[in-house]
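My notes follow the order in which I looked.

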Amino acid sequence: NCASVIKDGKAFEYAINSPLASYEGLTVVAGFPKNIVTPPSLQKRISRIISENWGYFMPIFVLMFLLYQWHTKGRDPKITKTAIMPIYTPPDNLTPAEVGTIIDEHVDVRDISGEIIALAVRGYMKIVENVDKGFFGQNKTYKFVLLKKDFENDEKLQHHEKKILRAIFKSASERKLLDLNNEFYKNLEPIRDSIYNLLVMKKYFPIRPDKVKKTYSFIGIGIISFSVFGIIYLNETFPPHFLFGLIISGALFVIFAKFMPVRTKIGVGVRNKILGLEEYIRTAEKDRLKFQEKENIFEKLLPYAIVLGIADKWSKAFEGIYKTPPSWYQSNDPAFLNSFTTFYFLDSLNRLSSNMNSAFQSSPRSSASGLIGFGSGFGGGGFSGGGFGGGGGSAW
């Protein structure tokens, strides 16, 4: 219901014949032959696409920058000797927590658990398991007994080992694991810091790997947070392609954070030695172990098998060889005493690990926010599968 007029062959005029009512509209379509308007060149079209959508290309340049950073600063230096040779003792007298941190560049649950087992093996403490028969089956509780009360002056102990003993016992000679609920979590960060600082002091890392990860993660999270703020409050100020590009760019920083820590040449060398120890533990043969049984090599290397995630393989290698319960682990379970096997022992350590994880992480509700960033990641299974045996053990 309209009238149309072409004026001078250049202008089109349309007019409605009656007023438009509510929700009514008028659509006009006008066409003209091709080539009347000169189309833009390919260069201009590309230039226009980039100028109107440049935010979508931002992640490409961020990715190139991060790849360059990783190539120049995030890769371990090459060393002349790269062959992995099996070794039978921990290199440089490293503790289990140091070994675990050098391998994966972060302190996780297996490192702390393995360190506690190592302290017991070395005679600083005893672990007591008490089994009670409950309505729903067996109920196991655990107690730590301090054997060397003068450990503070022991030069053989590293700072983080003393911190662990101090966190467990305080001024007591015995502590139940349940007593560490809502208490031990306060010591996780100092223990973690002590391990990282020691490895930097020993020149295995030029910079603490956790700080490198935090730097890149902080940048990424900051970019993502600004993008979300912009989408909610500044969507009229910044174009959508810009905010979208920022979100992807921030996510790239967070992803690359895991790969940016780097070892020194000394650190690479000791890592290769640790891999040699892992190879020995993984492929140990019974005949060879029988020869070294007099050195109690099972207990000596068990904490290192724990932090390397191959305690199950180490236990299997000693099946039928190691038949006596260790002096540092005491249990009133008749099955443990009368039919002791390495697999049964590892199962007991699995249960201990699960209980330690729960106790060490627990905190009052008011302190729960303080564990964000490392407390929630301290979880994991036992020593096999999700814990000591293989796989699991999340980072703090």
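Helices here are DSSP runs of H or I with at least four residues, strands are runs of E with at least two, and both are numbered from the N terminus. I noted that this is a predicted model, in which local features need pLDDT of at least 70 and side-chain atom pairs count only at pLDDT 80 or more, while totals for chains, interfaces and linings use all residues. Residues are numbered from 1 along each chain as its sequence is written, and side-chain values use heavy atoms, with hydrogens and water left out.

The patch covers about 1200 Å², and among its members I listed Leu42, Trp54, Phe57, Met64, Phe244 and Ile248. For such a patch, residues need over 30% relative accessible area and no salt bridge, and nonpolar side chains (Val, Leu, Ile, Met, Phe, Trp, Tyr) are joined within 5 Å. A salt bridge would be a side-chain nitrogen of Lys or Arg within 4 Å of a carboxyl oxygen of Asp or Glu. The areas come from the Shrake-Rupley method with a 1.4 Å probe, and for residues only the protein chains shown count as cover. At least two patch residues come from each of H1 (42-73) and H7 (240-257).

Next I turned to H7, where phenylalanine 244 lies. Why does phenylalanine 244 count as partly exposed? Its relative accessibility is 43%, and the partly exposed class lies between buried, under 20% relative accessible area, and exposed, over 50%. Other residues of H7 are buried, including Phe242, Leu243, Leu246 and Phe253. I then checked what the buried residues of H7 pack against, and found H1 and helix H6 (209-233); contact means heavy atoms within 4.5 Å.

Last, I looked inside, where the largest nonpolar core has 67 residues, with Phe144 and Trp314 having the most contacts within it. Helix H10 (residues 297-307) gives the most to this core, with eight residues. A nonpolar core is a set of buried Ala, Val, Leu, Ile, Met, Phe, Trp, Tyr and Cys residues joined through side-chain atoms within 4.5 Å. A second, separate core of 13 residues includes Val62, Leu66, Val212 and Tyr216.

For the whole protein, I wrote down 13 helices and six strands, and buried residues making up 42% of its 396 residues.

Note on methods. Patch = residues over 30% accessible without salt bridge, like charges linked within 9 Å, V, L, I, M, F, W, Y side chains within 5 Å. Buried < 20%, exposed > 50% of the residue type's maximum accessible area, 1.4 Å probe, protein only.
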